[in-house]
Amino acid sequence: MIAENLETERLSLRRLVPEDAKAFEAFFASEAALKYLHLQAGTPGLAEEWIARQLQRYEKRSGLCAVVEKRSGAFIGQCGILFQEVDGIPETEVGYHLLPSYWGKGYATEAAMACRDLAFESSPVSSIISIIHLDNEPSQKVALRNGMRRTVQTKWRDFDVFIYRVTRAEWEKR
């Protein structure tokens, strides 16, 4: 369930290509952006590795996509649908990472809502999650605006995280 060719009022989503690494380097150069990923800002090759991982995920029908601002055509980050395992349970996640210069403009919420809707409309999943670091309040606010609620705290890939979830029934009531 790749969120390619999704359109919102201000954004379009498409598959990532290796050439997107140049634009995404600003994300990996930002200490604020990497704060909750436990990565070292400025580490060479992180953008290329990140995009390569998404290209591999596409082969399994999931992965983050490029988020492009329609008005300017600028690459502003990534958002998409991921297949994850949390506490031994397969889950469908909406994930998002935007360049810091685009934070606070509602873009993450707009892209996340479009991905949430795609996931529910194109698959029989009973719920969708977002996995968010305990201290990442801005991302938690995006999840809340996306109709999710905080459900549990757990350890995921050595991170202490909250799982935010929206069920199909909750989504259908919106």
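Between which two strands is the loop that holds Asp158?

Analyst: Asp158 has its place in the loop between strand E7 (149–156) and strand E8 (159–167), where helices (H or I, at least four residues) and strands (E, at least two) are DSSP runs numbered from the N terminus. Before going further, please keep in mind that this is a predicted model, in which local features need pLDDT of at least 70, side-chain atom pairs count only at pLDDT 80 or more, and totals for chains, interfaces and linings use all residues. Residues are numbered from 1 along each chain as its sequence is written, and side-chain values use heavy atoms, with hydrogens and water left out. The pLDDT is the predictor's confidence in each residue, from 0 to 100; its mean for the protein chain is 94, and 100% of the residues reach 70 or more. Within the chain, confidence is lowest in H2, at a mean of 89, and highest in E2, at 98.

Asp158 counts as exposed, at 71% relative accessibility; buried means under 20% relative accessible area, exposed over 50%, and partly exposed in between, with a 1.4 Å probe and protein chains only. Its phi is near 70°, a positive value in a residue other than glycine. That is worth noting, since most residues other than glycine have a negative phi. Asp87, in the loop between E4 and E5, also has a positive phi, near 55°, and is exposed, with a relative accessible area of 53%.

Leaving aside neighbours within four places in sequence, Val166 is in contact (heavy atoms within 4.5 Å) with Arg116, Phe120, Ser127, Ile128, Gly147, Met148 and Trp171. Val166 and Gly45 are 121 residues apart in sequence, and their C-alpha atoms are 35 Å apart in space.

Now turn to helix H3, which covers residues 46–58. The expected span of a helix is 1.5 Å times one less than its number of residues, so the 13 residues of H3 should span 18 Å, and the distance of 19 Å between its end C-alpha atoms agrees with this. Its buried residues are Leu46, Ala47, Trp50, Ile51, Gln54, Arg57 and Tyr58. These residues are on the same side of H3 because they cover an arc of only 130° around the axis, the arc being that of the directions from the helix axis to the C-beta atoms. The buried residues of H3 pack against strand E2 (11–14), helix H1 (21–28), strand E3 (63–69), strand E4 (75–86) and strand E5 (89–98).

In H1, the buried residues are Ala21, Phe24, Phe27 and Phe28. They lie on the same side of H1, as they cover an arc of only 85° around the axis. Among the elements that cover them are helix H2 (31–34), H3, E4 and E5.

The aromatic rings complete the picture, for the structure holds seven aromatic pairs, a pair being rings of Phe, Tyr and Trp (its six-membered ring) whose centres lie within 6.5 Å, with planes under 30 degrees apart counted as stacked, over 60 as edge-to-face and the rest as tilted. The pair of Phe24 and Phe27 is stacked, because the ring centres are 4.9 Å apart and the planes are at 5°. Phe24 and Phe27 are three residues apart in helix H1, and therefore about one helical turn separates them. Together with Phe28, Trp50 and Phe75, they form one aromatic cluster. Two charges also sit over rings, which requires NZ of Lys or CZ of Arg within 6 Å of the ring centre and within 35 degrees of the ring normal: Arg53 lies over the face of Trp50, at 5.0 Å from the ring centre, and Arg15 lies over the face of Tyr58, at 5.0 Å from the ring centre.
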